[in-house]
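These are my notebook entries on a single protein chain. I set down what I looked up, one topic at a time.

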Amino acid sequence: MRSYQIIQLANGIRILLQPAKSVISHCCLVINAGSRDEEVGAPGLAHFIEHLLFKQTLKRNTTQILNRLELVGGDLNAYTTKEYTCLQASFLKPHLERAMELLQDIAFCSTFPESEMEKEKEVVLDEILSYEDQPEEAINDDFESMLFTGHTLGENILGTPQSVKSFRRQQLMDFIAKNYNTHEMVFAISGPYTLAKVQKLAERYFGQIPENRSVKHRVSATQNPAKQKTVFKPINQAHCMLGTVAYDIHSPKKPALLLLNNILGGTGMSSRLNLEIREKYGIAYTIESNYSPLTDTGLFSIYFGTDAEKVEKALALIHKEIYKLSTQALGKIQLSQAKKRFTGQIALGEENRMGVLISMAKSLLDYGKIDSLKEIYEKINAVSAQEILAASNELLAPENLSLLLYQPEQ
């Protein structure tokens, strides 16, 4: 079972401590603000802010920021998603205070100088071009744009060259003021520390941050009709995504879809799609399914890459496996095996301490609580074969599935 302790500072920031006996410690600041919170017409702003946080603060320049942890063997990183911004650090046990002070400095004392903004725009533009050169990555964003057309959830997290070039300093400041609500932030720590020590450091570095109670006005996306689209690109292999809008994080149907996804094309080599399409027919090197629940919607997708002439056969085999899951309830032994495989994978995931820590922080933001492994297992083991069958029928009927195909140019 996970053990953890939570402190809430007067300004609303929550401090999460997960005690761990290790010489390596981790911490992260998770902020409930991501690319979906951007103004229409300004895609990429949240990600651009994440980049600029490392450039200059009231007391440090870029080199001093980057060296602060690296000089003692630590690591500093960050990323942006549709709904979150996360700053993270890993370091040796003695350097907790150094890490906490640094994350506080870049998150709350960054100055966003115009000169650094112009340099970083070029970096992000290169990042966009690099991403577009990876069709197996770019197709994810284009597929989400298909499903969430006209909504910020459908925008590329990196933004577009046009939007990135247009960013001004005041836009960054306005986004932070509107979205960096201190009551929607969690600073989490995993390491061999006492609660008293963590609380003392938290009060010192985060307790003085001004409270921000800005209220988010997230607009839910309306579901668009299923569509099919083919895009010709200068690539050697075809890439395809098939999927639909799915259940949100609060849906009671989420556990059934998590299990269904793992059976169909989730982690591991024994998923139905991998066994059928890669192992049996050798059609695709990579084939996988993915379920990404968000606060008010979700996304279920299947991805594969193959030779252009094999796309139709791959799609036929995928629909064959979906049909089986939609018409044949899992037997008792099949269901038991699926649950054991899934819960085992979750247990193995506990080895990634930073990943677990971030997941706990997000859970605290989303649900106001953190489930223990026992509680997670109970939810999975409570899923019935009929619930999996129902989820498959509700979401994966052929008329519900959108398809995006990248085809090599002739």
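Predicted model: local features only at pLDDT ≥ 70, side-chain atom pairs only at ≥ 80, totals over all residues.

**Entry 1: An aromatic cluster**

I began with Phe206, which counts as buried because its relative accessibility is 0%.

I then looked up the aromatic pairs, and the structure holds four of them. For Phe48 and Phe167, the ring centres are 5.4 Å apart and the planes stand at 40 degrees, so I noted this pair as tilted. The two residues come from distant parts of the chain, 119 residues apart: Phe48 is in helix H1 (residues 45–52), and Phe167 is in the loop between helix H6 (161–166) and helix H7 (169–179). I found both Phe48 and Phe167 to be buried.

I returned to Phe187 and Phe206, whose ring centres are 4.7 Å apart with planes at 40 degrees, so this pair is tilted. Phe187 belongs to strand S6 (residues 185–191) and Phe206 to the loop between helix H8 (195–205) and strand S7 (228–233), so the pair ties together parts that are 19 residues apart in sequence. With Phe108, these two residues form one aromatic cluster.

**Entry 2: A ring with a charge over its face**

I also checked Tyr406. Lys233 lies over the face of this ring, at 4.8 Å from its centre.

My next question was how many residues of strand S10 (residues 298–306) are buried. The count is nine of the nine, so the strand is largely enclosed by the rest of the structure. I recalled that side chains in a regular strand alternate between the two faces of the sheet. In S10 I found both faces covered: Gly298, Phe300, Ile302, Phe304 and Thr306 are buried on one side, and Leu299, Ser301, Tyr303 and Gly305 are buried on the other.

I then asked which strands pair with S10. Strand S8 (residues 238–245) pairs with S10 in the antiparallel sense over eight bridges. Within this pairing, I noted that Val245 has Leu299 as its bridge partner, and that Ala238 has Thr306. Strand S9 (residues 286–293) is also antiparallel to S10, and eight bridges join the two. Here the partner of Pro293 is Gly298. S9 and S10 form a hairpin, with four residues between them.

In S11, Ser402 stands opposite Gly243.

**Entry 3: Salt bridges**

I looked up the salt bridges and found 22 in the structure. One of them joins the side chains of Lys178 and Glu39, at 3.4 Å from N to O. This pair links distant parts of the chain, 139 residues apart, with Lys178 in helix H7 and Glu39 in the loop between strand S3 (24–31) and H1. Lys178 counts as partly exposed because its relative accessibility is 46%, whereas Glu39, with a relative accessible area of 52%, is exposed.

Arg60 and Glu101 also meet in a salt bridge, at 2.7 Å from N to O. Arg60 lies in the loop between H1 and helix H2 (62–70) and Glu101 in helix H3, so the pair ties together parts that are 41 residues apart in sequence. Both Arg60 and Glu101 are buried.

I checked a further salt bridge, between Asp307 and Lys310, at 3.5 Å from N to O. Asp307 is partly exposed, with a relative accessible area of 33%, and Lys310 is partly exposed at 31% relative accessibility. I also noted a network of salt bridges that links Arg36, Asp37, Glu83, Arg218 and Asp296.

**Entry 4: A surface patch and a backbone angle**

On the surface, I found a nonpolar patch formed by Val23, Ile24 and Leu92, with about 240 Å² of accessible area together. Leu92 lies in strand S5 (residues 85–92) and, at 37% relative accessibility, counts as partly exposed.

Finally, I looked up Phe112, in the loop between helix H3 (96–108) and helix H4 (114–132). Is this residue buried or exposed? Phe112 counts as buried, because its relative accessibility is 2%. Its phi is near 50 degrees, a positive value in a residue other than glycine.

Key. Residues numbered from 1 in each chain as written. Heavy atoms only, no water. Patch = residues over 30% accessible without salt bridge, like charges linked within 9 Å, V, L, I, M, F, W, Y side chains within 5 Å. Areas by Shrake-Rupley, 256 points an atom, 1.4 Å probe, with all protein chains shown as cover. Salt bridge = Lys/Arg side-chain N within 4 Å of Asp/Glu carboxyl O. Buried < 20%, exposed > 50% of the residue type's maximum accessible area, 1.4 Å probe, protein only. Pairing = 2+ DSSP bridges. Phe/Tyr/Trp six-rings, centres within 6.5 Å; stacked < 30°, edge-to-face > 60°. Lys NZ or Arg CZ within 6 Å of the ring centre and 35° of its normal.
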